[in-house]
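Subject: A structure for you to look at

Hi,

I promised to pass a structure on to you, and here it is. Have a look at it first, and then read on for what turned up.

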Amino acid sequence: MIYLEQLKKLFSEGKLSRREFMERAAMLGVVMAGSQAFFARQSLAAPSQPKRGGRLRLGLSGGSTTDVLDPAQITDTMMRVMLYGAMGNNLVEIDHKNTAVPELAESWEATPGAKKWIFKLRKGVEFHNGKTMDADDIIYSLNHHRAEGTKSGAKVLVDSIVAIKKDDPHTIIFELESGNADFPYVLSDYHLVVGPEGTDFKDGVFTGAYVVKEFEPGVRGFLTRNPNYFKSDRGWFDEIEVLGISDVNARTNALKTGQIDVMNRCELKTVHLMKRMPGINIMQQNGNKHYTFAMHTDVAPYNNNDVRLALKYGINREQLVKTILRGYGTVGNDHPISMSNPYFAKDLPQRQYDPDKARFHLKKAGLEKQEFSLHVADSAYVGAVDAGVLYKEQAGKAGINIKVVREPNDGYWSNVWLKKPFCAVYWGGRPTADMMFSTAYAKGVPWNDSHWDNQRFNELLVIARAEMDEKKRATMYAEMQQIVRDDGGVIIPMFSADLSAATDKIDHNELGATWELDGCQAPERWWFKG
Amino acid sequence: MDFLKQNSIFALVAQRLSFGLLTLFIISLLIFIGVEALPGDFAEAILGQSATAETVEAFRQELNLDQPPVQRYFSWLGGFVQGDLGTSLANGRPIADLLGWRFKNTIFLASIAALIAVPLAVIMGIAAALYRNTFFDKVLSMTSLSMISFPEFFMAYILIALFSVKLAWFPSIANINEQMSFAAKLNAVVLPALTLTLVVMAHMMRQTRAAIINILSSPFIEMANLKGLNRLRVVVLHAFPNALSPVINVIALNLAYLVVGVVIVEVVFVYPGLGQLLVDSVSKRDIPVVQASGLIFAATYILLNLIADILSIISNPRLRNPR
């Protein structure tokens, strides 16, 4: 094992290539169980000194010709990277450790019970048009999502704010419907980018590290460095060029031929080949993104927990991760809290594929002859149809008869999700346990896609939300994960990793995992090596 | 006589144009009905998973999507006949601005591809007819048929792998923009233009070959042969002018394809043309944009076919002087 340590050291110092390292480790007969984690850490072990300059060219999937510069209407990654990552800032930022840190805010404190929050604002922050930011701008920007008739995707999030008051030009007081210890995380949502008072959010004026020069929706965005940016240790590039490239092969080729520096969403089928290419680094982020099968717990037969347990035992998670995600992900334990979340319940036993138990629960429910229609489409998530078919085969071995109904991709979210009693769902995940639970598992919320209502869970949710003692909170969240796992109406077989790739000329610190590309902050956080 | 000849052509053009307008009207109706029939509307498509009843309603009210379809169609039509294409539902930009530069790009790529493909196809077609049933003819046929049988994206990837990744001669993405010089643009569109050339060539080449061979069995060609003219002269000067009519028609169809059928090539090469805009607009149910681009495509077809008909008439004395 000492030799292995030596190898690791040589590799960190760049004296061994990744391949040489693997070969020698293999010769040792070492099974590198944690090798993925080791490399992920290792490639960032000693980031170079950040250096100013250069044009960062990002080729991104997730742009559309229907995009707009209004953060309230961000739907996908291209605009998330431009508005949230490059041009704008929020009151609060999520760092690579998944912690909320001040951005446009300087500090904050909560009154006991976390119902009232006082935010101190950073002074001397300038918008791209020269205006100095104060409390009015923040309030105006947040009301953009709260006002009557808003079209914002963040409306549900800010609904919990009862009142926003300006105390002085650099102090804001929020009053919430009920206590929420995670409130700063809410303000880090990508829709809640701050613009100047009176803006219609169409001119792209924000406070961020880059100023928009050209923007053609879904095609290209060209940004230059904001010379008056308030962070001196961020925004290293001179220029940012964001290109919408929806075809994964086009992105890969463009990166290979040096026409772009960064791409997102590598193709799972070919990423092992890309890893071997010289000059290209693959970045894997194990975030909160998960794929589920949701059942309506108020509709027969899914209102019977034995049916739900039978369906949960009848799915082979490892095989799904291996086949559908090609190994780029982790197995889920039928609750939506990912391993990267500090409240992840480590001690909760992992549910295994167990046809006998599945058969037992199905028999207990007396529904051996039942046919379960599972509604899927690839717009739920890539591979959802395959996942459904695979699940059908696995469940079949336990005597469960699943019928896979293929739905049209168009209108899936309006016509199938929340409407059909058993369907495939994609969740981008939320930065905190509370946000995830409150969005999709609390009683009566619009996106509770399993129509689930568990009294103990709902009680705990409110108590834990306002609890400021970390230890007590952790215990409560662990219990809630167990309740969701054993009683909930959602099968969560897998968490999918984000894969992106960049030239090795780019350097960065440890990656944030809230969104792909370092929490979409690549333009602000990364730099070119000297 | 001259007057009559012109008159008949003018009458034909006028008639065809009015039919064209009628066709465009019907097409606009079909597009509208088609997009309406798709599940979901703009508000739901834009908001996706994060749609709530209130936000969807807010979108619908602002964009008049809550009005009945018939009323929306006629208010669109009313604007359209006055030359107002309307604004995009998605970003409120005037559609003329959205389409203008993209259409220019599409035409640019189509012209480059046509400049390579048409002369090449016609010359090869003539050569194939000249040396028909020889080894040369068979190789030509086989290659061009294989090219057309592969899907476009496959040809595109092969070209990229060869000329961009291996040889590094041309860029793999052709995302041209206004700041680029003409030469830089030309360099960027080489690969997409080549892909399109390979796709459309076979059709034109084989039609040229077939038309000429057809003419070659006519008595007047036999006469020319008997006079002792050499084969090249017979084919190029005697047979080809008489084969022009069908060739022109096929060329027109393929030119239209170069404008309207390039969606896949645009996606593979990230070329900012009309195709990508149309695809995005359909998936987001941005009806005015779909209408406008659909009508541009339809008008292209109608106009090119009209030009083809006129040219065939001019090239054919029998059609030129009907009895």
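Let's begin in a loop: Arg265(A) is found between β11 (262-264) and α9 (271-275) of chain A. Before going further, please keep in mind that this is a predicted model. Arg265(A) has a phi near 50°, which is a positive value in a residue other than glycine. Why does that deserve a second look? Most residues other than glycine have a negative phi. Arg265(A) is partly exposed, because its relative accessible area is 31%.

Ala168(B) is not a glycine, yet its phi is positive, at about 55°. You will find Ala168(B) in the loop between α7 (152-166) and α8 (182-188) of chain B. With a relative accessibility of 58%, Ala168(B) counts as exposed.

The backbone has one more feature to show you. Most peptide bonds are trans. The bond from Ala300(A) to Pro301(A), however, is cis, with omega near 0°. Pro301(A) belongs to the loop between β13 and α10 of chain A.

Next come the aromatic rings. How many aromatic pairs does a search of the whole structure find? Over all chains, there are 34. Take Tyr302(A) and Phe422(A): their ring centres are 5.3 Å apart and their planes stand at 50°, so this pair is tilted. Tyr302(A) sits in the loop between β13 (290-295) and α10 (305-313), while Phe422(A) is part of strand β17 (residues 422-427), so the pair ties together parts of chain A that are 120 residues apart in sequence. Are these two residues buried or exposed? Tyr302(A) has a relative accessible area of 4%, so it is buried. Phe422(A) is buried as well, with a value of 0%.

A second tilted pair is in chain B, where the rings of Tyr73(B) and Trp76(B) are 5.8 Å apart centre to centre, with 40° between the planes. Here both residues belong to helix α4 (residues 69-81) of chain B and are three residues apart, about one turn of the helix.

Elsewhere, look for Arg80(A). Its charged end sits over the ring of Tyr190(A), 4.4 Å from the centre. The charged end of Arg80(A) also sits over the ring of Trp515(A), at 4.1 Å from that centre.

Finally, where do the two chains meet? In chain A, 43 residues are in contact with 42 residues of chain B. The area buried between the chains is about 3400 Å², and carbon and sulfur atoms give 55% of it. Thr65(A), Thr66(A) and Lys151(A) supply 19% of the area that chain A buries against chain B, more than any other three residues.

There are two salt bridges between chain A and chain B. One of them can be traced by eye: Arg93(B) pairs with Glu216(A), with their closest N and O atoms 3.6 Å apart. Six residue pairs are in polar contact across the interface. Several elements of chain A supply at least two residues each to the side that touches chain B, among them β8 (210-216), α8 (248-256) and β17. Which element gives the most to that side? The answer is α8(A), with five residues.

Enjoy exploring!

Best wishes

Technical notes
Residues are numbered from 1 along each chain as its sequence is written. Chains are lettered from A and ligands numbered from 1 in the order in which they are written. This is a predicted model: local features need pLDDT of at least 70, side-chain atom pairs count only at pLDDT 80 or more; totals for chains, interfaces and linings use all residues. Side-chain values use heavy atoms; hydrogens and water are left out. Rings of Phe, Tyr and Trp (its six-membered ring) pair if their centres lie within 6.5 Å; planes under 30 degrees apart count as stacked, over 60 as edge-to-face and the rest as tilted. Helices (H or I, at least four residues) and strands (E, at least two) are DSSP runs, numbered from the N terminus. Buried means under 20% relative accessible area, exposed over 50%, partly exposed in between (1.4 Å probe, protein chains only). A charge sits over a ring if NZ of Lys or CZ of Arg is within 6 Å of the ring centre and within 35 degrees of the ring normal. Contact means heavy atoms within 4.5 Å. Buried area is the accessible area (1.4 Å probe) that two parts lose on being put together, summed over both. A salt bridge is a side-chain nitrogen of Lys or Arg within 4 Å of a carboxyl oxygen of Asp or Glu. A polar contact is a pair of N or O atoms within 3.5 Å; within protein, one must be able to donate a hydrogen and the other to accept it, and residues adjacent in sequence count only if both atoms are side-chain atoms.
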